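The following briefing concerns the protein shown below. Please consult the sequence and the model alongside the points that follow.

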Amino acid sequence: MVEPRNPNPPAGLPNRPRTQTKPHVFLSGNHDLAFAAFVGVLPPPRDGSGFSETWREYAASEEREGWFKEEGFYEDMHLQGRRWAGTIKVRFNAVKGTEYKGSIYDAGTTFESYGVQHGSADLIRAVPDEHKKFLADLVWVHEEDDVCLETEEGIKHCKLIAAHAGLEKGKAVEEQLKFLKARDTRVPKVEALSGKKNVWDIPAELTEYPTIVVSGHHAKLHIEGLRLIIDEGGGLENNAVAAVVLPSMKIVHDTDILAK
């Protein structure tokens, strides 16, 4: 799994590789979900409710986060789309130690990359259909049934689950996987894509059969047993992008000079 360099992808979104023995899988992160929500390509809620229902739980944050509110566009937009394109009132992100770039999602660079002023609905028209399809097709979780891992005892065969932030502890894994595969947009916040402490560890029930849980999101490179958190870059453009190669568990960076 390779971590993203920029959590808000610029105009040059990647094309799907055409020649490969095994297809790449593109996982959605919280920023991707929010971008997709803003440009209107999230699947509709399965229960027939409107996206505006996702606002209620976090309504107290609307003013501080400066949610997007351009008439004719915001009225039935998912909460995360409104937050992504909003204009946050405070300038400094104390957690990252950097200034916000437009919104709480730092989406200003994405608007800029499409030649659009931050917070303008013009971005919806500016994003090409090919990019919208890429966002619409992103999966929320990926599973592999047999992944090899080199250990001191020899090759170990494991299952693998990849989700951008991780899986929640205290919730049945099958229930979580069903929800993520369905891309259920009724909820205002998808914990497997945006959680922190609650998705850091491998759920206890997965220890019954060796299962690698792979994520990014956490602005760290953390490898502990079968828990792989690969986000050394932390979405900062000057940081190296890391990947973990299986089965060797070798860590490589985009700045490495590899032998030909």
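The model is a predicted one, in which local features need pLDDT of at least 70 and side-chain atom pairs count only at pLDDT 80 or more, while totals for chains, interfaces and linings use all residues. Residues are numbered from 1 along each chain as its sequence is written, and side-chain values use heavy atoms, with hydrogens and water left out.

**Surroundings of Gly-81**

- Gly-81 is found in helix 3; helices (H or I, at least four residues) and strands (E, at least two) are DSSP runs, numbered from the N terminus.
- Beyond its neighbours within four places in sequence, Gly-81 is in contact (heavy atoms within 4.5 Å) with Ala-34, Ala-37 and Phe-38.
- His-31 lies 50 residues away from Gly-81 along the chain, and the C-alpha atoms of the two are separated by 9.3 Å.

**Nonpolar cores**

- A nonpolar core is a set of buried Ala, Val, Leu, Ile, Met, Phe, Trp, Tyr and Cys residues joined through side-chain atoms within 4.5 Å.
- The largest such core has 45 residues, and those with the most contacts inside it are Phe-35, Phe-38, Trp-84, Phe-111, Leu-123 and Leu-180.
- At least two residues of this core come from each of helix 1 (30–39), helix 3 (79–84), helix 5 (122–126), helix 6 (129–137), helix 7 (173–182) and helix 8 (191–194).
- Helix 1 gives the most to this core, with seven residues.
- A second, separate core of twelve residues includes Val-147, Leu-149, Cys-158 and Ala-242.
- Leaving aside neighbours within four places in sequence, the contacts of Phe-111 include Phe-38, Trp-84, Val-116, His-118 and Leu-123.

**Overall fold**

- The secondary structure comes to eight helices and nine strands.
- Of the 260 residues, 44% count as buried.
- Among contacts between residues at least 6 apart in sequence, 57% join residues at least 24 apart.
- Along its principal axes the C-alpha trace spans about 60 × 45 × 40 Å.

Definitions and conventions
Buried < 20%, exposed > 50% of the residue type's maximum accessible area, 1.4 Å probe, protein only.
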